[in-house]
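Hi,

Here is the structure I promised to pass on. Have a look at it first, and then read my notes below.

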Amino acid sequence: MPAVFLKDRSLLFVSGAEAQSFLQNLITTDIAALGADEARPGALLTPQGKILFDFMIWQDRDGYTIETDAGQRDGLLKRLTMYKLRAAVTLAPSTEEGVTVSWGEDAEGARGSQGARGSQGVRDSRFAKAGVTLTRRAGRQGDGAEALYDALRIRHGIVTSGSDFALQDAFPHDVLMDFNGGLSFRKGCFVGQEVVSRMQHRGTARRRVVTVSAATDLPGTGTEITAAGKPVGTLGSVDGGNGLAIVRIDRAGAAMAAGTPLLAGDTPVSLVLPAWSGLVFPASADEASA
């Protein structure tokens with residue numbers, strides 16, 4: 001497969017003697033468990049536990065690179081600076097813009113163990129969960145169509161903010177961070193940790209990512225998915241007859257068990273939970289709360 005340049009991604013570099021502890025106490029990702037050639041998803045949450053900024057993070061020389069949407073970078077830098085206080089940490093935007101992703105044979109050739117500031121790449125743990133080797137590298141090193149990457153992540157149930165969910169509107173559980181390596185319940189406190197830990201221990205997460213398929217092209221992003229006229233979720237990224245959505249799996253599961261058609265607008269659709277999550281649709285509200 002070709003290497004694909006994602007022009008709307010930007011990078012921050014976090015370094016200094018206290019870089020690890022600084023990030024460990026703020027974000028959802030377990031920084032201490034991050035592999036040398038691994039990129040993991042993560043988020044900085046609101047105190048109420050919702051995603052304020054989402055990103056990928058990896059080790060890089062004597063610090064960490066954070067890759068986020070270009071529209072989020074300045075806001076994330078400002079928020080991290082607010083938390084910095086007197087910590088021995090340096091925060092700096094990268095001069096390199098955009099990120100190149102490669103998968104298949106191209107990814108195997110791009111992998112390295114020294115981070116992604118140069119030509120080498122780090123393996124994206126979200127795709128690894130789905131059995132796909134995909135690497136991320138800073139800068140432009142490919143010319144494949146971005147639609148190829150979107151189709152790949154749609155097929156494997158990997159969401160992105162903006163297209164699939166709105167910031168400050170989703171919990172980490174909603175976007176499967178509890179399964180893809182982006183959310184730790186063992187590392188101790190971080191911003192919003194109390195709320196998401198409560199959701200985890202009480203099993204109250206109901207909104208989840210699903211892949212959506214239809215016999216015809218799906219309607220546009222933002223289309224409501226319904227069962228018997230009642231809302232189940234909202235369509236996110238779309239690639240022809242395939243797409244992503246975040247839905248109430250208790251409502252969707254009950255509809256499926258009852259044989260009630262699911263519709264995206266007027267289009268009949270099928271919903272499948274990503275196999276790598278290990279989740280199943282509950283058949284009833286009682287099963288969902290069990």
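A salt bridge here is a side-chain nitrogen of Lys or Arg within 4 Å of a carboxyl oxygen of Asp or Glu. Please keep in mind that this is a predicted model.

By that definition the structure holds 14 salt bridges. One of them joins R9 to E67, with the closest N and O atoms 2.7 Å apart. R9 sits in strand 2 (residues 9–15) and E67 in strand 5 (residues 63–69), so this pair ties together parts that are 58 residues apart in sequence. R9 counts as buried at 14% relative accessibility, and E67 counts as buried at 0%.

A second pair is D124 with R136, whose closest N and O atoms are 3.0 Å apart. Since D124 belongs to strand 8 and R136 to strand 9, the pair ties together parts that are 12 residues apart in sequence. Both residues, D124 and R136, are buried. These two pairs come together in a network of salt bridges that links R9, E67, D124, R126 and R136.

Strand 7 (residues 99–103) runs antiparallel to strand 9 and is joined to it by five bridges, with V99 opposite A138. Strand 8 (residues 122–124) also pairs with strand 9 in the antiparallel sense, over two bridges, and there R123 stands opposite T135.

Best wishes

Notes. Residues are numbered from 1 along each chain as its sequence is written. This is a predicted model: local features need pLDDT of at least 70, side-chain atom pairs count only at pLDDT 80 or more; totals for chains, interfaces and linings use all residues. Side-chain values use heavy atoms; hydrogens and water are left out. Two strands pair if DSSP finds at least two bridges between them. Helices (H or I, at least four residues) and strands (E, at least two) are DSSP runs, numbered from the N terminus. Buried means under 20% relative accessible area, exposed over 50%, partly exposed in between (1.4 Å probe, protein chains only).
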